[in-house]
Amino acid sequence: MVTLKDLATPIKSNWCPGCGNYGILTAVKGALVELGLEREQVALVSGIGCHGKMVNYVNVNGFHGIHGRVLPIATGIKLANPELMVIGFAGDADQYDEGWDHFCHAMRRNIDMTLIVHDNQTLGLTTGQTTATSLQGFKSKSTPFGSVTPPLNPIAHALVSNGTFVARGFAGDPRHLQSLIVEAVRHRGFGYIDVFQPCVTFNYLNTYQWFRERVYKLDEQGHDYTDRQKALEKSFEWGERIPIGIFYKEERLTYLDTLPHIKGKSLAKLPVENVNVVTIIETMK
Amino acid sequence: MPVIVLTDKYLVESQVSIESFETSRMKIERGNLITGQYQGTGEYMKYELTETGVSPRALPSTKGAIIRANADEYDEFGFTSEDPMMTVSMIQKRQKKLAFLAKELEEKKIETTKLYGPEKATATIVSWGGTKGPIREALKLLKRDGVVANYLQIIYLHPFPVERVKKVLNNTSKAIVVEHNRTSQLSSLIREYLLRDADYTILKYDGRPFSPAYLVAKVKEVL
């Protein structure tokens with residue numbers, strides 16, 4: 001079983017000091033140790049953005065994809081080799097702008113994997129522009145007079161897209177986030193966590209302090225996460241008080257459960273050296 | 001080396017019935033693939049710098065091996081690298097793979113081109129890809145009409161089979177490049193590797209495939 005020491009890599013971080021990504025990295029490593037996995041069992045996929053460097057900082061299998069395409073890659077890995085425990089990392093612009101369509105469809109497909117969105121409400125890597133979750137009025141390099149459009153609500157979208165595990169964490173509370181990641185990985189189906197990840201360099205508005213004054217934990221308020229309608233109501237809570245924790249959770253057949261011909265098989269491990277198509281053709285005659 | 005198979009609309013939209021044939025003689029060689037457990041000393045290196053440029057390949061979930069596919073440039077472990085020396089090493093590694101492939105094609109006598117018709121001809125059609133069917137049909141019609149033509153199918157465009165193409169083109173009076181594009185990219189390759197031009201090009205870029213009759217008419221036009 002993996003230890004924190006095994007997960008360390010020799011690569012020096014290039015995230016800014018104080019970046020919310022450190023909280024997520026700590027929580028992810030902690031979760032992998034808590035889950036008692038082996039390094040070879042885990043496949044991480046990251047997209048484009050500061051978060052994309054995650055695969056350099058955790059010493060397990062890692063695949064860095066192109067903008068918005070974390071879910072297609074992660075889905076492919078899971079379908080080819082269900083033995084792998086797949087965790088996708090995406091940014092808010094990465095997932096909610098560029099990869100938005102993949103997001104909704106992954107929810108309803110219910111692939112047995114985990115998606116963690118590093119939601120800093122700005123494009124950090126490209127030095128601060130407005131994204132799909134930037135608040136209305138947010139001033140940035142791309143919206144110098146303030147963003148004119150309201151943000152989209154990824155939690156609500158996940159819920160109406162038939163997501164089976166919908167949660168939100170805060171990078172400023174890695175212990176709580178770690179417990180969410182463990183739950184999401186253990187969940188048989190698509191575990192989705194949106195994470196408030198303060199960008200200390202380019203998001204002057206949604207700071208650690210801004211979130212600390214607002215976030216509260218759903219489970220401490222007796223939220224019933226088996227009730228989708230209640231979860232939807234909670235997903236619209238924004239402003240003075242913002243909920244984190246598990247909004248909704250249900251058990252449903254995963255995508256692979258519905259494919260009996262490949263269920264329980266690892267396609268990546270089937271021999272291809274001596275394939276004889278004739279035997280298949282014979283059965284059709 | 002990963003292989004991506006590109007095909008074309010003509011092939012994809014074609015339907016043909018064939019007799020069932022034995023496929024067991026076709027072997028899929030997966031190359032330097034680590035099966036079972038990784039036995040090496042030290043951490044597995046997906047991009048290990050080797051003599052041939054080819055690194056031993058492991059699939060994710062291979063016991064003892066961590067696989068990373070990462071960034072525009074990387075070190076031997078697959079970690080992102082911005083070290084200029086590493087960039088040079090990795091570019092050279094990729095070049096070595098092509099040289100190794102060219103050598104292996106030669107040694108294993110793998111067909112990189114295929115010549116249809118007589119060795120010596122008045123006209124040689126040079127082409128690649130899905131144009132093969134109509135060109136072979138056109139050769140029959142040209143022969144019927146008394147035209148001595150042959151067809152050089154280029155199977156490997158990269159590494160370009162320089163010697164083979166040179167030999168065939170030296171044996172013909174007219175090299176006619178047939179392609180489904182506007183700029184005749186194959187002519188550009190021939191110019192790059194053989195330092196000569198194609199004598200004629202027959203190009204079609206209207207989204208429709210060549211027909212044998214069309215090719216026969218065009219070949220006769222340039223003879």
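Student: How many helices and strands does chain A have?
Tutor: This is a predicted model, in which local features need pLDDT of at least 70, side-chain atom pairs count only at pLDDT 80 or more, and totals for chains, interfaces and linings use all residues. Residues are numbered from 1 along each chain as its sequence is written, while chains are lettered from A and ligands numbered from 1 in the order in which they are written. Helices (H or I, at least four residues) and strands (E, at least two) are DSSP runs, numbered from the N terminus. On that basis chain A has eleven helices and eight strands.

Student: What is the radius of gyration of chain A, and what does the globule rule give for 285 residues?
Tutor: The radius of gyration is taken over C-alpha atoms, and the globule rule is 2.2 Å times the number of residues to the power 0.38. Chain A is as compact as a globular protein of its length, because the two values are close: 20 Å, against 19 Å from the rule.

Student: What percentage of the residues of chain A count as buried?
Tutor: A residue is buried if 20 or more other C-beta atoms lie within 10 Å of its own, exposed if 12 or fewer, and partly exposed in between, with C-beta atoms placed from the backbone. Of the 285 residues of chain A, the buried share is 46%.

Student: In which order do the nine strands of the open sheet run?
Tutor: Two strands pair if DSSP finds at least two bridges between them. The pairing in this open sheet is mixed, and the order is β7(A)-β8(A)-β5(A)-β6(A)-β4(A)-β3(A)-β1(A)-β2(A)-β1(B).

Student: Why is one side of β7 of chain A and of β1 of chain B left without a neighbour in the sheet?
Tutor: β7 (215–217) of chain A and β1 of chain B stand at the edges of the sheet. One side of each is without a neighbour because each has a single partner strand.

Student: Which residue stands opposite A:F63 in β1(B)?
Tutor: Strand β2 (residues 61–64) of chain A and strand β1 (residues 68–69) of chain B run parallel and are joined by two bridges. Opposite A:F63 stands B:A69.

Student: Which residue is the bridge partner of A:V166 in β8(A)?
Tutor: Strands β5 (residues 165–170) and β8 (residues 242–249) of chain A run antiparallel, with four bridges between them. The bridge partner of A:V166 is A:Y248.

Student: How many residues does the contact take from chain B and from chain A?
Tutor: The side of chain B that touches chain A divides into nine nonpolar, seven polar and four charged residues. Here Ala, Val, Leu, Ile, Met, Phe, Trp, Tyr, Cys and Pro count as nonpolar, Asp, Glu, Lys and Arg as charged, and the others, Gly among them, as polar. The contact takes 20 residues from chain B and, from chain A, 27 residues.

Student: What is the radius of gyration of chain B?
Tutor: Chain B has six helices and six strands. For its 223 residues the globule rule gives 17 Å, and the chain's value is well over that, so chain B is more spread out than a compact globule; its radius of gyration is 22 Å.

Student: What distance separates the centres of the two domains of chain B?
Tutor: Domain bounds come from an automatic or database domain assignment. They divide chain B into domain 1 (31–108) and domain 2 (113–222). Taken over C-alpha atoms, the centres of domain 1 and domain 2 of chain B are separated by 37 Å.

Student: Is the peptide bond from B:H158 to B:P159 cis or trans?
Tutor: B:P159 lies in the loop between β4 (149–154) and α4 (162–170) of chain B. The omega of the bond from B:H158 to B:P159 is near 0°, and the bond is cis.

Student: Is A:T127 buried or exposed?
Tutor: A:T127 sits in the loop between β4 (113–119) and α7 (154–160) of chain A, and its phi is near 70°, a positive value in a residue other than glycine. Because A:T127 has 11 C-beta neighbours inside 10 Å, it counts as exposed.

Methods. Two residues are in contact if their C-beta atoms, placed from the backbone, lie within 7 Å.
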